[in-house]
Amino acid sequence: MRPFDYQRAERLEHAAQLTAEANTLALAGGTNLVDLMKLQVETPQTLVDIGRLPLGTIADEGEGLRIGALATNTATAVHPRVRSEYPVLARAILSGATQQLRNKATTGGNLCQRTRCYYFTNIDQPCNKREPGSGCGAIKGIARIHAVLGASDNCIATYPGDMAVALAALGATVEIASERRSRSVPVRDFHRLPGDTPEKDNVLEPGELITAVTLPAPVGGIQLYRKVRERSSYAFALCSVAAVIDLAEGRFTRADLAFGSLAHKPWHDPRITDLLVGSEPTLALFDKAADLLLEGARGYGENDFKIPLARRTLAAVLCEATGVEP
Ligand code: SF4
């Protein structure tokens with residue numbers, strides 16, 4: 001680990017001011033950032049500890065729920081309203097990491113976690129995300145966990161988390177503040193596709209901090225999170241599906257779906273909702289939904305299997321939600 005300056009922010013304005021400086025990063029739970037600093041993937045000159053800011057509250061917000069940026073993943077997953085009214089979120093969080101990590105990891109940090117691409121975490125390898133212009137080792141290399149949707153010639157990394165996939169299905173919003181302004185961004189638009197600037201994972205600008213995530217009023221229905229991974233715990237998804245489904249008189253009345261570990265961001269395609277809502281659930285319909293999801297999908301050799309895997313995982317989730325026999 002390289003030497004760095006450590007500062008503790010006592011107020012949000014102070015934190016925003018400090019993190020607007022070059023080579024400065026905010027430290028919350030540290031479960032991802034400290035690992036990356038040990039590997040010298042992240043080499044901030046200054047680390048601003050935001051852990052004492054009053055951003056850990058989970059509270060009603062109108063009919064919805066506001067989850068502070070420093071609320072731990074454990075606190076969120078066990079919150080009574082999350083468990084009863086947003087179970088897809090509790091399931092997604094509990095499928096991630098380990099209990100010890102969830103006790104430290106925060107809402108804001110979870111959203112900002114970085115890719116697990118092997119080339120990104122090895123400073124001896126080329127990686128446009130870590131060092132723009134150095135090339136992408138994964139495109140012709142080891143790409144088993146990499147993206148099949150929305151990738152670019154510069155980067156094929158995935159966003160690896162689970163929580164944000166559920167938040168995308170629920171239509172949650174990220175609250176962001178800086179010294180000068182506050183703004184809200186739908187979770188579906190918070191993470192970026194890599195394009196020509198894969199070093200930018202999300203839309204945060206220097207000096208901007210996540211202050212909370214807001215969930216809309218509960219919608220009920222059947223809420224599922226299915227995560228396919230190499231082993232049953234402490235592993236990142238190869239493909240995941242978050243689903244909020246409702247049916248009436250044998251037809252879909254709600255079908256909000258988001259997909260994890262297929263792209264540089266939680267993937268949400270409104271055309272799938274448009275296709276499903278109003279239709280009777282059938283295997284043929286689920287196949288059409290997968291056609292829409294995977295339109296333009298591209299494998300890079302080792303991760304070709306993710307394309308049929310995503311199709312099967314989507315069908316499995318829709319069968320479980322609707323009772324259609326697989
Ligand atoms: Fe780096 Fe992205 Fe290529 Fe991985 S896929 S080596 S993160 S540029």
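**Cavities and the ligand site**

Let me start with the second largest cavity, which is lined by Gln 113, Arg 114, Thr 115, Lys 129, Ala 157, Thr 158, Tyr 159, Pro 160, His 191, Asp 201 and His 264; by cavity I mean a set of points, on a 1 Å grid over the protein atoms alone, where a 1.4 Å probe fits but cannot get out, and a lining residue has an atom within 4 Å of a point. This is a predicted model, in which local features need pLDDT of at least 70 and side-chain atom pairs count only at pLDDT 80 or more, while totals for chains, interfaces and linings use all residues. Residues are numbered from 1 along each chain as its sequence is written, and side-chain values use heavy atoms, with hydrogens and water left out.

The second largest cavity has a volume of about 70 Å³, a volume being the space filled by probe spheres set on grid points that are joined across faces, edges and corners. Its lining divides into 3 nonpolar, 5 polar and 3 charged residues, where Ala, Val, Leu, Ile, Met, Phe, Trp, Tyr, Cys and Pro count as nonpolar, Asp, Glu, Lys and Arg as charged, and the others, Gly among them, as polar.

Turning to the largest cavity, about 90 Å³ of space lies in it, and of its 16 lining residues the closest to the centre are Cys 117, Cys 127, Cys 136, Cys 155 and Ala 157. By class, that lining has 10 nonpolar, 5 polar and 1 charged residues.

What takes up the space of the largest cavity? The ligand does, in the sense that more than half of its atoms lie within 2 Å of the grid points.

Terms used. On a 1 Å grid over the protein atoms alone, a cavity is a set of points where a 1.4 Å probe fits but cannot get out, and a pocket is an open set with protein on both sides within 12 Å along at least five of seven lines; lining residues have an atom within 4 Å of a point.
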